[in-house]
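Have the sequence and the 3D view open as you read.

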Amino acid sequence: MTIEPSLSRDLNKAAAPDGILCVGAGKTASMVAAIMESRRLGLCHKALIVVPNHLPAQWAAEAIRLYPNIKLLAPGKEHLTQSQRGELLSRIATSDYDAIVIPQTAFKMLPLDPAKVRDHIQREIDTLTAYLEEMEASNGKRSRGVKELQKAIKRLEARLASTDQAIKRVSRDTITWDELGIDTLMIDEFHYYKNLYCPTKMTRVAGMPSVDSQRAFDCFLKVRSVLENSGRVVCATATPVSNTMAEVYVCMKYLQLETLQELGIDHFDAWVQQFAETTQSLEITPDGASYRLNTRFNRFTNIPELSKIWQQVLDVKSAAELNLPRPRLKGGKPQIVSVPASDELKAYTKELANRVEKIKARRISPHLDNMLKVTNDGRKAALDIRLVKPDAPRPAQSKVMALVENIVKIYHETQSDRGVQLTFLDLSTPRRGK
């Protein structure tokens, strides 16, 4: 696994800004060169490179620039349609290319053997069933954790039923992933595949891998298929840990499942007992009106041992090693502009708190109001109260006005140099024609 540009030795700081700033560290050139050298040495016979949807052409151009004589297959959009998919699978299975570059959407289209998918889902169900029986014996059948495990099992059983139907529908002429002959798989921007569901009996702990991404599930089975057939997998990313500590476990599960099994920590709960700690602390509620006691993963333990295991598959390049040019921040650090809340915003915050109470008490249908809507409305109101109450008077102070004043100030300061400003807006951005 290649991580660019940095991973702190102290994994508690793995998501620090240095880990996401640098680009142009040479991941593309390194991966292409690795494929060509492996081909030259006879270690690779068919290599597949998976890249973000907007990058296949750029990857193909870079590969040709590095190796003008490379035999490359980079299918365009017209080759990824349903009518052309069979021909594409046949070309991958029968042709002798140095490398095949496909976008993420096409990677998901490469069909897995439904029987193998069924076996994997059944193992997940068996694991959760064992957790459920253990939790029912200790906490009773009506605990919240038991109910959540029951819901997870039902979701897996529904997926298993759909897989059984796929087995009946699949044509014998369909070329599956295992029949393509891929023995080297390289995945660019691997962080798109980190939302892998992990069976666990732990509930109501922030930082848990609670998502269940179909894309990650599909990628995991394909990665494991290549590795189990003595192939090679390279995953490149600049953000191995971005949201939760559980992402470390997910990366290790992808690439070091056998090692985790040998150590007896292949299940998430066992891994957590060795390498993570949970703490309880007061956190502000989403509505901003009060505080709540929350339990979350917030620090690693046994860091030297975890680092020693994980670095068996890591090739880490730090920002200091790369020494790439980066613009300096004025003042050496980000400047925070604090804007006081208006009376209208304070009143609206109380409205949000009342909505939260109704949602918690289930006095309103989730289709009419829910926590996602409350959080979204709160973000809008914090930007400008008129985004949620169009008839409200223009506030004397707001984030928008503070931004405008700062832009105008910088404009006048840099007018003699014809300075240019770049402003990022992630909320209430104008649409074309409006």
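What volume does the largest cavity have? The largest cavity has a volume of about 100 Å³, and the structure holds three cavities of 30 Å³ or more. This is a predicted model, where local features need pLDDT of at least 70, side-chain atom pairs count only at pLDDT 80 or more, and totals for chains, interfaces and linings use all residues. Residues are numbered from 1 along each chain as its sequence is written, and side-chain values use heavy atoms, with hydrogens and water left out.

**Terms**
- A cavity is a set of points, on a 1 Å grid over the protein atoms alone, where a 1.4 Å probe fits but cannot get out; lining residues have an atom within 4 Å of a point.
- Grid points are joined across faces, edges and corners, and a volume is the space filled by probe spheres set on the points.

**Largest cavity**
- Its lining includes His120, Glu124, Arg159, Asp212 and Phe217.
- Two or more lining residues come from each of helix H6 (114-139), helix H7 (144-169) and helix H8 (214-228), where helices are DSSP runs (H or I, at least four residues) and strands are runs of E (at least two), numbered from the N terminus.
- H6 gives the largest share, three residues.

**Second largest cavity**
- This cavity holds about 40 Å³ of space.
- Among its lining residues are Val32, Ile35, Met36, Ala99 and Val101.
- Helix H2 (27-40) and strand E4 (99-103) each supply at least two lining residues, and H2 gives the most, with three.

How values were computed:
1 Å grid on protein atoms, 1.4 Å probe; cavity = no way out; pocket = protein on both sides within 12 Å on 5 of 7 lines; lining within 4 Å.
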